[in-house]
Each structure stands twice: as structure tokens, then as C-alpha cells.
Amino acid sequence: MNARIAGTGSYLPTKIITNADLEKRVETNDEWIRKRTGIEQRHVASDNQATSDLAVEAAKEALVNAKLSASEIDGIIVATTTPDFTFPSSAVEVQAKLGMTKGFAFDVQAVCSGFVYALSVASAMIKAGQATHMLVIGAEKMSSVMDWDDRRTAILFGDGAGAVVLSACDETDQGILATKLYSDGRYRNLLQTTGGVSTTGDAGTILMEGQEVFKHAVIDMKQAVEEILEDTKTNPEDVDWLVPHQANLRIIKSLGDHLKMPMDKVIVTVDKHANTSAASIPLALHAGIADGRIKRGQLLLMESMGGGFTWGSALIRY
């Protein structure tokens, strides 16, 4: 058995904050932000929208596109670093809001690598016969852990959710062909929040050593894609689309150059979405499918890197 992508969905909050809007709050400007990050704007959830609310909207669209009902889903994994509550998980919130009364639901926390981690877990469960249909969602309300007066981080992040339905299939050359996961806790202090439940009693706000994170991101994501291509005996030229984590356009271009992939074979949404952490890859995936660029049978390469440090990759025959 294998796990194939049966449908995708996405949701972005209606409120948009442009670079020009940020100029009014912190010492920065649109030209500087675009040059350094490629970001033009970001979506921000309203005060009464929780992460699970974003996830539910993305999940509903994915279910429609997969031609399945919520009652047919065996399990939900939500990748998020901004859960609704300390407990229960955001996944069970999504389960309840979708009206599901069977199956299982849990969260995965690997920050920006969360979706690749969750995809790996869900794929393994389907291959092991523990589920037939699963919802894998990356959802984040990064605005809830932002210090909007810190110009180093306020420009970088946004809110949103992306979802995929994975379904069992008996074609081993289709679906999730391979995943690679990594982490190195020695670098945890380079990208973290100022608080937590068992330390300060609150969520805290994001702290980041930007130059160090950039350096590790380039190195680590190259490792993730090189090793998964080597393990699967796949040539870079066989990859139809690179669907990368959307953190910084310079990092994305660097990885594309490394793989000798032209930018017209790279899905880019960071300009409109900013860094939506665990939601960024499924948002980019859905964008490429929805506008017709990504087609059935094509080979997709995903890669991510986030706080921890965590990083990983996935090779998928869509």
C-alpha cells in the first residue's frame, strides 16, 4: 500500500498587512523587505479566529476536492506551533468542528518543518494499514506569537492553513515515495520563543538570529534534498516541481540554483503569504494545483527547515 494525495485545500484570513502598513509601525521600508525576503504582504487572522478555525476551512476544501466526507476520514494530524490551547490538541478541535465522531486526532510540533513531519507520520500509518483516509493539515496563527515592534521578525510571518487528504492506494510508484526527517537541538536558541507553558506560563514571542538561521537553512535544506534524491535514485532533472518552505525568497532561489531548477519550476507564495510556518508548504502545494501548474503524475520535491532546528524533505508522485 501507499499514500497518495487525493485532495488539497487552503485558507488565508481576509485581513492583509502590507509592507507599507509595517512602515508605519517599525523602522523599515517596502524596498528593504522585498530585497531581503521577497515578501510583499502577509495575511493576519482576526482576534476571534483560532488556529483550528483556519485549519477547518482548509480541511473542508481538501475534502471537497478529494470527493470525501468528514465521516470517511480515519485520522487527523495537525502540524502547528500555535495551538488553540495547551490541551486538548488543535486536531481534536478540528475533528469536533468537522462533526467527526470516529477515528483519531493529534498535533505534531516541529515548527516550520511540521507539515513534512506530519506527512511522514500519516503516510507511514496508511502504509501500515492503520488508516485508509487521513487529513494532514498545516495551520498557524503566527501573529499570536509576534512582537510587532521587533522589525527583525514582524516583517517575516503570516497566518494561514493548508490541508491535504491522503488516501491508500495499491500503486507503489504513486503518492508519498519517501520522506527524510532531521533535527539538531544544539541550535534551538537561534530560533525560539521567549516563553512556554512550563517556563514562563505564556506563549512568548519569536526571537531569531536571522543570519545564523539563514546560513543553516541553506545548508540543511540542501542536505535534505540531496539525501532523499540519492536514497530514491532520483535525478534532479526528473523533478517536475520544487515546493519549498516559504520563508525567504533568497533561500528558495539558492536551493533552486543548487538543483539546477529554473524558477518557473518552483512554487513561490512567500511574496503574498510571508512565512506561515507549518502551513507554508501545503499552501504552496494547493496554489500550484489550483492554478493548474501541478498536474497528476508529476514528481514533486518538498523541503523545509524550522526552529529546533528541524528540517526535512518529501518526494511525492502527485
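Where does Pro-88 lie? Pro-88 is in the loop between β4 (75-79) and α4 (90-97). Helices (H or I, at least four residues) and strands (E, at least two) are DSSP runs, numbered from the N terminus. This is a predicted model: local features need pLDDT of at least 70, side-chain atom pairs count only at pLDDT 80 or more, and totals for chains, interfaces and linings use all residues. Residues are numbered from 1 along each chain as its sequence is written, and side-chain values use heavy atoms, with hydrogens and water left out.

**The sheet**

- Four strands make an open sheet with mixed pairing, in the order β8-β13-β12-β11. Two strands pair if DSSP finds at least two bridges between them.
- β8 (175-183) and β11 (241-244) are the edge strands, each pairing on one side only.
- On average, neighbouring strands of this sheet are turned by 15 degrees against each other, direction ignored. Axes are lines fitted to C-alpha atoms, for helices over the stretch in contact, and angles run from 0 to 180 degrees between N-to-C directions.
- Eight bridges link β8 to β13 (residues 310-317) in the antiparallel sense. Tyr-182 has Trp-311 of β13 as its bridge partner.

**Helices on the sheet**

- Helix α7 (residues 210-231) lies across β8, β12 (299-306) and β13. Its direction runs at about 145 degrees to β12.
- Helix α10 (residues 280-290) also packs on the sheet, where it touches β11 and β12. The angle between α10 and β12 is about 155 degrees. Contact means heavy atoms within 4.5 Å.

**α7 against α8**

- The axes of α7 and α8 come within 10 Å and cross at roughly 35 degrees.
- The crossing is right-handed. A crossing is left-handed if the near helix is turned anticlockwise from the far one by less than a right angle, and right-handed if clockwise.
- From α7, the contact includes Phe-214, Met-221 and Glu-226. From α8, it includes Arg-250, Leu-255 and His-258.
- By class, the contact residues of α7 with α8 are seven nonpolar, two polar and three charged. Ala, Val, Leu, Ile, Met, Phe, Trp, Tyr, Cys and Pro count as nonpolar, Asp, Glu, Lys and Arg as charged, and the others, Gly among them, as polar.

**Pockets**

- The largest pocket holds about 830 Å³ of space. A pocket is an open set of points on a 1 Å grid over the protein atoms alone, where a 1.4 Å probe fits, with protein on both sides within 12 Å along at least five of seven lines; lining residues have an atom within 4 Å of a point. Grid points are joined across faces, edges and corners, and a volume is the space filled by probe spheres set on the points.
- β9 (191-193) gives the most to the lining of the largest pocket, with three residues.
- This lining has 14 nonpolar, 15 polar and five charged residues.
- The second largest pocket has a volume of about 640 Å³. Of its 28 lining residues, the closest to its centre are Leu-156, Met-208, Gly-210, Gln-211 and Asn-248.
- α7 supplies the largest share of the lining of the second largest pocket, six residues.

**Backbone details**

- Phe-87 and Pro-88 are joined by a cis peptide bond, with omega about 5 degrees.
- Another cis bond runs from Gly-308 to Phe-309, with omega near -15 degrees. Phe-309 sits in the loop between β12 and β13.
- Ala-274 has phi near 60 degrees, a positive value in a residue other than glycine. Ala-274 is in the loop between α9 (270-273) and α10.
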